[in-house]
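Please keep the sequence and the structure in view while reading the points below.

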Amino acid sequence: MTSTQTSAIAFLKGHGTENDFVIIPDAGNAIDLPAAAVARICDRRAGIGGDGVLRVVRSAAHPEARDMADEAEWFMDYRNADGSVAEMCGNGVRVFARYLEHAGHVTAGEVAIATRSGIKRTHLDKDGSVTVSMGRARLPEEGVTVTVDGRSWPARNVNMGNPHAVAFVDSLDHAGDLFTEPPYAPAEVFPDGVNIEFVADRGTRHVAMRVHERGAAETRSCGTGACAVAVAAARRDGVDPAVSGEPVAYTVDVLGGTLTITEHPDGEVEMTGPAVIVAEGTIDPAWLADH
């Protein structure tokens, strides 16, 4: 944090299927948040606690988002719990959209949000759910093998603006504790790390998952991960909307709830799920700087 920051910093807390975030409104891009400050905020015992930080910045005020300002007024500057910068967070986008409504910046309906992986289109539904157009999945041919406690599985490479390795298992218990990143090989397939999903079948077009998120260990939910899982499951099941011409929807159970993922014939993947603002307050800048 900059040494000139002396006033209290406003924050809110929100979650989407229990993937929780600290939201920091910063319309003018005036607050410097180095990795150590983000990690301190996200510390669940000594800080506020969260899987990441959503900094809310006007696109025109942020160098990474200025070229998107004409289409999306607001930029989601997302950081993982360890302070590292992330391209995208699907649950985070839903919570971000809910915050914009909560703050009076937008009303229910269509809302465009700028992210590091492009503009995401959201729809604030009247029932409290938020639908996000997550873009198209890319399916690179190079996969990896994931190993936990002596068991190994092939993991499909799915990119949703960030990288995922999706492994289908008989039981989610096979994922182990997920405190640390499960080993995978060859490592060079994901030079910047990867989110690893373990997936078990629950019924027709219905799966359950656990995930180790890059920079955050196991989380209660991962939106881009659920999208990657649905696309990987569809291909495993021999379903491709681009071929059939019909959309396909999968129910994906995460530890924190349920998401509905729909892939359309044009390749667009939509995610629908809840997003809730639960609290708001202020951060003492002296505490944040003391690290």
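Within strand β10, Ala167 is the bridge partner of Ala155. The model is a predicted one. The points below begin with the strands around that bridge and then turn to aromatic rings, the nonpolar cores, the helices and some single residues.

**Strands and hairpins**

- Strand β9 and strand β10 (residues 163–168) run antiparallel and are joined by five bridges.
- The hairpin of β9 and β10 has three residues between the strands, and Gly161 takes a positive phi near 95° in this hairpin.
- Strand β8 (residues 144–148) is also antiparallel to β9, and five bridges join these two strands.
- Opposite Arg151 in β9 stands Val148.
- Two residues lie between the strands in the hairpin of β8 and β9, where Asp149 has a positive phi near 50°.

**Aromatic rings**

- A pair of aromatic rings is described by two quantities, the distance of the centres and the angle of the planes.
- How many aromatic pairs does a search of the whole structure find? The search finds three.
- One of these pairs is formed by Phe21 and Tyr78, which are edge-to-face, with 5.9 Å from centre to centre and 75° between the planes.
- This pair links distant parts of the chain, since Phe21 belongs to strand β2 (residues 19–25) and Tyr78 to strand β4 (residues 74–80), 57 residues apart.
- Phe21 has a relative accessibility of 0% and therefore counts as buried.
- Tyr78 is likewise buried, because its relative accessible area is 3%, which is under the 20% limit.
- Trp153 and Phe198 form a pair whose ring centres are 5.9 Å apart and whose planes meet at 80°, so this pair is edge-to-face.
- Here, too, distant parts of the chain are linked: Trp153 lies in strand β9 (residues 151–159) and Phe198 in strand β12 (residues 195–203), 45 residues apart.
- Trp153 counts as buried at 10% relative accessibility, and Phe198 counts as buried at 0%.
- A charged side chain also meets a ring: Arg236 lies over the face of Phe168, at 4.4 Å from the ring centre.

**Nonpolar cores**

- Which residues touch the most other members of the largest nonpolar core? They are Met76, Leu100, Met209, Val252 and Ile261, out of 52 residues in that core.
- Helix α3 (residues 223–236) supplies the largest share of this core, with nine residues.
- Another core, of 19 residues, lies apart from the largest one, and its members include Val148, Val169, Leu178 and Ala200.
- When neighbours within four places in sequence are left aside, the residues in contact with Met76 include Leu54, Met88, Cys89, Val93, Phe96 and Ile113.

**Helices**

- Helix α2 (residues 90–102) has 13 residues, which at 1.5 Å a residue should span 18 Å; the end C-alpha atoms are 19 Å apart, so the two values agree.
- Is α2 mostly covered or mostly exposed? The helix is mostly covered, as eleven of its 13 residues are buried.
- Among the buried residues of α2 are Gly90, Val93, Phe96, Tyr99 and Leu100.
- The 14 residues of α3 should span 20 Å at 1.5 Å a residue, and the end C-alpha atoms are 20 Å apart, which agrees.
- α3 is mostly covered as well, with 13 of its 14 residues buried.
- Just after α3, Gly238 has a positive phi of about 80°.

**Two single residues**

- Thr122 is part of strand β6 (residues 118–124).
- Buried or exposed: which word describes Thr122? Thr122 is buried, because its relative accessible area is 1%, under the 20% limit.
- Leaving aside neighbours within four places in sequence, Thr122 is in contact with residues including Val93, Ala97, Glu110, Val111 and Val130.
- Ala36 lies in helix α1 (residues 35–42).
- Ala36 is partly exposed, because its relative accessible area is 40%, which falls between the limits of 20% and 50%.
- Ala36 and Asp67 are 31 residues apart along the chain, and 29 Å separates their C-alpha atoms.

Conventions
Residues numbered from 1 in each chain as written. Predicted model: local features only at pLDDT ≥ 70, side-chain atom pairs only at ≥ 80, totals over all residues. Heavy atoms only, no water. Core = buried A, V, L, I, M, F, W, Y, C linked by side-chain atoms within 4.5 Å. Buried < 20%, exposed > 50% of the residue type's maximum accessible area, 1.4 Å probe, protein only. Helix = DSSP H or I, 4+ residues; strand = E, 2+ residues; numbered from the N terminus. Contact = heavy atoms within 4.5 Å. Expected span 1.5 Å × (residues − 1). Phe/Tyr/Trp six-rings, centres within 6.5 Å; stacked < 30°, edge-to-face > 60°. Lys NZ or Arg CZ within 6 Å of the ring centre and 35° of its normal. Pairing = 2+ DSSP bridges.
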